[in-house]
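This briefing concerns the structure displayed below.

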Amino acid sequence: MIAKTPKPPYFAVIFTSVRTEGDNGYQAMSEKMLELANIQPGFLGVESARNEIGITVSYWESLEAIKAWKSNIDHLEAQKLGKEKWYEVYKVRIAKVERDYGLKD
């Protein structure tokens, strides 16, 4: 589903990854992180797709909201487990959205 975001500017965190083999608790943690993000102040929405490479884009009101999410205690645990057992490689990019438009906005 395409996230419904407000009028720009806002911020996007782009998380690109290659997973390790097996689930190893990943799906359950992913669902928990989405639930927590949804109640995190400043969270605007998320979009995600996975094939050989996974791409998840989360949208935030501010850099401060992103920083608060990064330091969330449960999110810190997920980050630790990601490094230890879920990802072969990953990259995080943070961008300011200046414009957005689309079909059937």
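A salt bridge is a side-chain nitrogen of Lys or Arg within 4 Å of a carboxyl oxygen of Asp or Glu. The model is predicted, with local features requiring pLDDT of at least 70 and side-chain atom pairs counting only at pLDDT 80 or more, while totals for chains, interfaces and linings use all residues. Residues are numbered from 1 along each chain as its sequence is written, and side-chain values use heavy atoms, leaving out hydrogens and water. Helices (H or I, at least four residues) and strands (E, at least two) are DSSP runs numbered from the N terminus. Buried denotes under 20% relative accessible area, exposed over 50%, and partly exposed the range in between (1.4 Å probe, protein chains only).

**Salt bridges**

- The structure holds three salt bridges.
- One of them joins the side chains of Lys32 and Asp74, at 3.8 Å from N to O. Lys32 belongs to helix α1 and Asp74 to helix α3, so this pair ties together parts that are 42 residues apart in sequence.
- Both partners are partly exposed: Lys32 has a relative accessibility of 38%, and Asp74 has one of 28%.
- Lys80 and Glu84 also meet through their side chains in a salt bridge (3.0 Å, N to O). These two residues are four apart in helix α3, and about one helical turn therefore separates them. Lys80 is partly exposed at 42% relative accessible area.
- A further salt bridge links the side chains of Lys96 and Glu98 (4.0 Å, N to O). Lys96 is partly exposed, at 46%, whereas Glu98 is exposed, at 57%.

**Helix α2 and its cover**

- Which residues of helix α2 (residues 63-70) are buried? They are Ala65, Ile66 and Trp69.
- These residues cover an arc of only 100° around the axis, which puts them on the same side of α2. The arc is taken from the directions from the helix axis to the C-beta atoms.
- Glu64 and Lys67 are exposed on the other side of α2.
- The cover over the buried residues of α2 includes β1, α1 (26-39), β3 (54-60), α3 (73-86) and β4, where contact means heavy atoms within 4.5 Å.

**Ser17 in strand β1**

- Ser17 lies in strand β1 (residues 10-19) and is buried, with a relative accessible area of 3%.
- Its side chain makes a polar contact with the side chain of Arg50 at 2.8 Å. A polar contact is a pair of N or O atoms within 3.5 Å; within protein, one must be able to donate a hydrogen and the other to accept it, and residues adjacent in sequence count only if both atoms are side-chain atoms.
- Leaving aside residues up to four places away in sequence, Ser17 touches Arg50, Glu52, Ile53, Gly54, Tyr87, Val89 and Tyr90.

**Nonpolar surface patch**

- Leu63, Tyr90, Val92 and Ile94 make a nonpolar surface patch of about 360 Å². Patches consist of residues with over 30% relative accessible area and no salt bridge, with like charges joined within 9 Å and nonpolar side chains (Val, Leu, Ile, Met, Phe, Trp, Tyr) within 5 Å. Areas come from the Shrake-Rupley method with a 1.4 Å probe; for residues, only the protein chains shown count as cover.
- Strand β4 (residues 87-97) gives the most to the patch, with three residues.

**Backbone geometry**

- Pro8 and Pro9 are joined by a cis peptide bond, with omega about 10°. Pro9 is in the segment before β1.
- Asn24, although not a glycine, has a positive phi of about 50°. Asn24 sits in the loop between β1 and α1 and is partly exposed, at 42% relative accessible area.
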